[in-house]
Amino acid sequence: MRRFLTTLGYTCHTPPEVFGTRAESLGAADTEWLGRIAGTGWVVLNRDAKIMERPDELAAYRSAKVHMFYLPGEATRDLLLHLVETNLTDIVTLSADRTPDVWKITRHGVERFVLRKRRR
């Protein structure tokens, strides 16, 4: 994915770059990396939709103020590349909005990610 996007001229940041080394990035909590990228304006391509279900991680996402696009967790590398390539125009267009939001990238296109309300 990184190679594909950088070939098109996009700057990509990987977890090892955010944490300094691959070893330091492995097992890093979602709250930690979200805190490190807060305010960067970066666009996140992610596969861990559980972030939107865990209160502390959801709060970290909201504080980070970044656009997040979820890719299918079970997808192969080739499918992931295909989904990003075919939806890149929409990803860029949606990312230009000043208000960060959460989206999912599917075989049918880019769709708003609907947050489930927690049961009490």
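**Words set against their cut-offs**

Colleague: Why is Lys104 called partly exposed?

Modeller: Its relative accessible area is 34%. Buried means under 20% and exposed means over 50%, with partly exposed in between (1.4 Å probe, protein chains only). So Lys104, at 34%, is partly exposed.

Colleague: What should I know about the model itself?

Modeller: It is a predicted model: local features need pLDDT of at least 70 and side-chain atom pairs count only at pLDDT 80 or more, while totals for chains, interfaces and linings use all residues. Residues are numbered from 1 along each chain as its sequence is written, and side-chain values use heavy atoms, without hydrogens and water.

Colleague: Where is Lys104, and which residues does Lys104 touch?

Modeller: Lys104 sits in strand S3 (residues 102-106). Strands (E, at least two residues) and helices (H or I, at least four) are DSSP runs, numbered from the N terminus. Beyond four places in sequence, Lys104 touches Tyr70, Gly109, Val110, Glu111, Arg112 and Phe113. Contact means heavy atoms within 4.5 Å.

Colleague: Why is Lys65 called exposed?

Modeller: Its relative accessible area is 58%, so Lys65 passes the cut-off for exposed. Lys65 lies in the loop between helix H5 (55-64) and strand S2 (67-70). Its phi is positive, about 55°, although Lys65 is not a glycine.

Colleague: What makes a set of residues a nonpolar core?

Modeller: The members are buried Ala, Val, Leu, Ile, Met, Phe, Trp, Tyr and Cys residues, joined through side-chain atoms within 4.5 Å. The largest core here has 16 residues; Trp33, Leu34, Ile51, Met52, Tyr61, Met68 and Tyr70 touch the most other members. H5 gives the largest share, four residues. Another core, of 14 residues, lies apart and includes Phe69, Leu71, Leu79 and Ile91.

Colleague: How do you know what counts as a pocket?

Modeller: On a 1 Å grid over the protein atoms alone, a pocket is an open set of points where a 1.4 Å probe fits, with protein on both sides within 12 Å along at least five of seven lines. Lining residues have an atom within 4 Å of a point. About 1300 Å³ of space lies in the largest pocket. Of its 44 lining residues, His13, Thr14, Val43, Val44 and Leu45 are closest to the centre.

Colleague: Which element gives the most to that lining?

Modeller: H6, with eight residues.

How values were computed. Grid points are joined across faces, edges and corners, and a volume is the space filled by probe spheres set on the points.
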